[in-house]
Amino acid sequence: MTTFRSSALAPRRVARAVAALGAAALLLTGCGNDSGSGKSGDQESAAPGKDTGTTRTVKDATGKAVQVPANPQRIVTLTQEDLDAVLALGLKPVGITNGQGLDKPPAYLADKVKDIDVVGNLLQPVMDKVVKAKPDLILAGDMQDEQVLKQLREITPATLVTMAPTDDWKLSFRGIGNAVNKLGDANRVITEHEAAAKAAGEKLGANKGAEVSIVRWNPDGPSWMEKKQFASGVALEMGLKRPKTQDKDGNAHTPSLSLEKINEIDGQWLFLSTLTSDGEKALKDVQAKPAYKELGAVKNNHVVTVDGSVWSTRGGPLAADAVMNDFSKALTK
């Protein structure tokens, strides 16, 4: 997979009006008995769902009502965002998929998933492996393939689409927290991350409030990330700014730029990532060209290479902390 998932499929842009209504459904329905200790306005205002003691009814990100275990024991995650969320809530899934653009789990989570079975690639589960995992809850990310969802629901009806096209990571994370009966914990994790990001931004010294360009290099050229895209959101939490050319709302990447427009990726600091070997080759090739060498960030030795499998995702709490740490490490040197 070589493109940002929320912008890769045309139907997702068509469905945004509907998604905006359904995006919070997973969060707002089926609170049940929250096992987390944290409290927040989101949790307290959530509409009560049906709770039989052993199961709870929640709505997923599409608005579909789904009966889930009150305390799931065997969770399978089909995206790294779902995996990130579950791990951040202190749960250990029994099946996971490989990371975005990878043939293995994402490196930033590798130490936490060493002994967990891989059941397929991102949003491409191998059904026999999912069956073998014996899940009582499947978190299906932004899965839109109805045939695949039907097969998953035959394995367990407790299969949830956890992300709508326009959801940010915090909304999705709260929804997953609600689905696993840990909404209070999810709210606490978000609050702690936001406080840590603000504190980290205050410690950047001369680079406090610096202007950062966030770019992914594709085989056909660079694309910069819009302000509401995951990694950009972390930058803004830290008080960092975006270059004027990148100061635009949106939660996706721009189309790949030609070499003639390469100045759009410039900034005080340039954070560069790739997702594929073809992207890496294209970046290496362009780094020898005068147009790249003339960028201000390049001249000032302010180019930082980062992990695209973290920075180019839709994000999660552990990924957000990883991006925050990358910013801190680069800007406090």
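Visitor: Before anything else, what kind of model is it?
Guide: This is a predicted model, in which local features need pLDDT of at least 70 and side-chain atom pairs count only at pLDDT 80 or more, while totals for chains, interfaces and linings use all residues. Residues are numbered from 1 along each chain as its sequence is written, and side-chain values use heavy atoms, with hydrogens and water left out.

Visitor: Okay, how many helices and strands are in the protein chain?
Guide: The protein chain has 16 helices and 13 strands. Those are DSSP runs numbered from the N terminus, with helices (H or I) of at least four residues and strands (E) of at least two.

Visitor: And what share of the residues counts as buried?
Guide: Of the 333 residues in the protein chain, 55% count as buried, where buried means under 20% relative accessible area, exposed means over 50%, and partly exposed is in between, with a 1.4 Å probe and protein chains only. As for contacts, meaning heavy atoms within 4.5 Å, residues 24 or more positions apart account for 67% of those in the protein chain with a separation of 6 or more.

Visitor: Let's pick a helix. What can you tell me about H16?
Guide: Helix H16 covers residues 317-331; with its 15 residues it reaches 21 Å from first C-alpha to last, close to the 21 Å expected at 1.5 Å a residue. That expected span is 1.5 Å times one less than the number of residues. Buried residues of H16 include Ala319, Ala320, Val323, Met324 and Phe327.

Visitor: How does H11 cross H16?
Guide: The axes of helix H11 (residues 230-237) and H16 come within 10 Å and cross at roughly 60°, which makes H11 oblique to H16. Axes here are lines fitted to C-alpha atoms, for helices over the stretch in contact, and angles run from 0 to 180 degrees between N-to-C directions. Angles under 35 degrees count as roughly parallel, over 145 as roughly antiparallel, 65 to 115 as roughly perpendicular, and the rest as oblique.

Visitor: Which residues of H11 and H16 meet there?
Guide: From H11 there are Phe230, Ala231, Val234 and Ala235, and they meet Ala319, Ala320, Val323, Met324 and Phe327 of H16. The residues of this contact divide into nine nonpolar, no polar and no charged, where nonpolar covers Ala, Val, Leu, Ile, Met, Phe, Trp, Tyr, Cys and Pro, charged covers Asp, Glu, Lys and Arg, and the others, Gly among them, are polar.

Visitor: Zooming in on Ala235, is it buried or exposed?
Guide: Ala235 counts as buried, because its relative accessibility is 0%. Leaving aside neighbours within four places in sequence, Ala235 is in contact with Val212, Ile214, Leu240 and Phe327. The C-alpha atoms of Ala235 and Ile214 are separated by 9.3 Å, although these residues are 21 apart along the chain.

Visitor: Back to H16, at what angle does H6 pack with it?
Guide: Helix H6 (residues 80-88) and H16 pack at an angle of about 95°, with their axes 7 Å apart, which makes H6 roughly perpendicular to H16. Asp84, Ala85, Leu87 and Ala88 of H6 meet Pro317, Leu318 and Ala319 of H16, and by class this contact has six nonpolar, no polar and one charged residues.

Visitor: New topic: where is Asn181 found?
Guide: Asn181 is found in the loop between helix H9 (169-179) and helix H10 (183-202), and Asn181 counts as buried because its relative accessibility is 3%. Phi of Asn181 is near 70°, a positive value in a residue other than glycine. Most residues other than glycine have a negative phi.

Visitor: What about Lys134, is that one buried or exposed?
Guide: Lys134 is exposed, with a relative accessible area of 61%. Lys134 lies in the loop between H7 and strand E8 (137-139), and phi of Lys134 is near 50°, again a positive value in a residue other than glycine.
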